[in-house]
Amino acid sequence: MRVWRGEEELILGSPQQRVVLAALLLRRGHLLTTAEIVHAVWGEKPPTAAVPVLRTYVSRLRKILEPGRVSDESRAVIVSATDGYVARVADDAVDVGVFEQRVARATQSRAAGDLTAASRLLHAALNDWHETPLAGLTGPLAEAERSRLNEARLSALEARFDIDLALGRHDSVISDLRTLTDQHPLRERLCRLLMVALYRAGRQGEALACYRKTRNTLVAELGIEPGPSLRELHHNILTADDSLEYSPPSQRTVAPVSAPAAPPAVPTALPADLATFTGRHTELEEVRALLPTGDKRAETMAISVVSGMAGIGKTALAVHMAHEIADRFPDGQLFINLRGFDATGSIMTPEEAIRIFLDALGVSPQRIPAQLEAQILLYRTLLAHRRMLILLDNARDVEQIRLLLPGSPGCLVIVTSRNQLSSLIAGEGARPLTLHQLTQSDAHDFLRLRLGTKRLSAQPLAVDEIVALCGRLPLALAVVAARAALNPGFPLSAIADELRETQGSLDAFVSGDLSTDVRAIFSWSYDTLSPPASRLFRLLGLHVGPDISAPAAAALAGLPLREARGLLAELSHAHLLIERLPGRYTVHDLLRVYARERVRIDEPAEEQDRAVERLLSWYLHTVDAAYPLFAPHRRRIHLEPTPAGCRPLSFTAHDQALQWCEIERANIVAAVHQAASSGRAGTAWRLAAVSWGFLYLRSHLHDWLDTARTALAAARAAGDRRGEAQSLADVAGALTHFRRFDEGADHYWKAMILSRELGDRDGRADAVLNLGNVYLNTGRIDKAVEYTRRGLVTARHNGYSWGEAISLANLGDAYQQLGRFDEAADCLEQSLTILRAFGNRWVEGIVLDILGTVDHRLRRYDEAGEHYEQALEAHRDVANQWGEGHTLSNLGDIQLATGKPEEARISWHRALAIWSDFDHPDAESMRDRLHRLNAPSGDTPPDAASA
């Protein structure tokens, strides 16, 4: 891993720092997430401070690689992106990129029949190959890439020798081929090339000796004979076949080779196909029949409803089919689990599903309309004239999916459900497909793919009995196969005996009694668990979120994390849990039903309550630990101590806390609802309140409003007036950011009155201050000044530094809008002093931007530019991309005003890139400004002060 600037070689620092750069360069032009880089450097067990250390490495690399970045952003090599980085480096600036370009051009030349050009390109590519790739670097990435690059070199060498032989250079390649075949004795293609070269050089005996040596090696080490191609060449040499003689290229026809098409940049949300999927040929053909023939575009939307009993394989079939036909839908594939038969009863609503699909289609949270009708309109507009495959899994009824159907032709919708959805068939013309048990042959193939032909052939009668006792049901067969695979010493006859001894529980699958089926299948697997693992499995039925992390599971069970991880591994191996990501687990809906049944039977009600209390307290205290990193010195919510066995996480860095909250967002929202529905109003409103900072910063406005409203209802139902006051303010904040100012003001008024009645001076001050912010947003500047000053007085009287800093910031913004610049600057400087004293970079960036606007309006352009640069730095520190885009827009204004249109263009393009990623409403106006900036000089230039 070496880098030069001109003739100067740069010192890149420690090996781990060089691994970071290597990872970015190998994925140049593409986002590499923080998690991927951490894994590349440290593997499965990174240090606790891995993310902060990584950011230090990136900062150091930027100083080494980008000395001119401060004055010229175009010189940036490592660019920050959402949760990661991108290396902005051209292919021809990296030796691997040059190598790959030359190999690709050689392939094209060979396809076009120009063997001389292809040979020249491959020789050039390989001549620049010096030593072992990534020498001296360690870690998973270095090992994997070293293997990949060595394979790429060998493939290029084989292609070069093949072309050299076609050009009659057989004498010149023999020495190199001998060396390579000695180094790679199992590589049959190298042996084949050497045999051809030796034969054409008149050395038939050596060619045959080369074959014998390779064959002996393959037989001795792998127990296999050479492949048909090598055996055929051996025969042709023995018979002196004329086809082996050299003929010039001009006397041969070279078949053109088509270059592979670049994959389209489309959403591909399908789950992985099941590697052991088998059978269902008739059913698959029925779905294929819905597709238009040839290249003809479908004139209508096609819908297939795959229905059947639980465990029959509906999802497996649908996913397999979707992968098979994905290339027929070039605009992408969408997938969602509608949780129609979720064990907790948390059926996914159409509103939730629409928002998930809009997110997958690239719509930012801020651009998702508040009203469901508008969301549906946006969704169908995005799908208009597109050919997409949409898989709606586990639907409860027609009403759950009707709103998710596209409104235009060209799409195929596959729905899976335990119900027939007859009204969808009658009203929408959907094609029904009912799944039944596997055929006898397919059931045998199902087990053969999992256990191997040898094991099944040894006891064919036992296999027949297992298939019969499982009712040819895929889910039952999978459970049995897993047990047999995990215990290879068990004879299959013993497995069959064990099934028979369950007193007909598997026979119930044939009867179609769902509750009996599922209970019988999973009781067998459940009973094989160790007592601690079976207890954890039961308790997982109390968790209502979509997935669970190992630390959350530890809190649920009241166990140390290390012990919980061991139990989770046991459950995963027993196929009672799915480890979706490292350390994150999901439970199939049928398994969750069974877990809930077992917890009601085997756990006392008191222990169930304690487990839920531990889990909800874990979420509450962990989110609260992240909260001060987002909003330092803001008024904290008083929390009760954690119960015994609950060990919340802690955070040392802003990015670490932000990443955890983003991953756990769905579980946090679910926990608020669970707390409210289980009578834990105090936990519900407190968890909603401490989630505010994260949801606000990342613009998850729908979740913010949802959790705040749930908390408010719970607090009111419990008569918790303090919780009601806090939740009123939280609902008001979310409504304000939806620009529903009248409703927001009404809730702030109620919060202010209730806080006054409770004697909560800080709560009252916050409500007064936020009312001022509402007035500021609605253009009622005089009222904004009045209420903001009242909030400032109260905050100072209470010694509430957060409230004082925010009051001063808002007051400064109001004064600058009124043209009272001296008063504005004084307020903003006071706010900065307070914010910097307790390290609030989030609000500091906003205040610095307002200060820049004050300077701009006073035509103090140098001071304005300095403030905007400082604001940008603060925005980037806290990942506030909204603020970054706004400040870049303002920076471009002063650059234009000072006669620097090229710098303004760069700043505006950067702002546009950010806003486009989030689909910001200001993106269109920025495009217009850039268009006018690029217009001929006689046209009207953009108004530099308009922003």
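**View 1. Strands S3 and S5 are joined by bridges in this predicted model.** Between strand S3 and strand S5, which covers residues 84-87, there are 2 bridges, and the two strands run antiparallel to each other.

**View 2. An open sheet is built from 3 strands.** Reading across the sheet, the order is S3-S5-S4, and the pairing is antiparallel. Strand S3, made up of residues 32-33, and strand S4, made up of residues 78-81, are the edge strands, each of which pairs on one side only.

**View 3. Helix H1 lies across the strands S3, S4 and S5.** This helix spans residues 15-26, and the angle at which it runs to S5 is about 65°.

View 4. Taken along the principal axes, the box filled by the C-alpha atoms is roughly 105 × 80 × 55 Å.

**View 5. Burial, contacts and surface describe the protein chain as a whole.** Of its 947 residues, 51% count as buried, while the accessible surface comes to about 43,200 Å², with 52% of that surface belonging to carbon and sulfur atoms. When contacts between residues at least 6 apart in sequence are considered, 65% of them join residues at least 24 apart.

Terms used: Residues numbered from 1 in each chain as written. Predicted model: local features only at pLDDT ≥ 70, side-chain atom pairs only at ≥ 80, totals over all residues. Heavy atoms only, no water. Pairing = 2+ DSSP bridges. Helix = DSSP H or I, 4+ residues; strand = E, 2+ residues; numbered from the N terminus. Contact = heavy atoms within 4.5 Å. Axes fitted to C-alpha atoms, helices over the stretch in contact; angles between N-to-C directions. Buried < 20%, exposed > 50% of the residue type's maximum accessible area, 1.4 Å probe, protein only. Areas by Shrake-Rupley, 256 points an atom, 1.4 Å probe, with all protein chains shown as cover.
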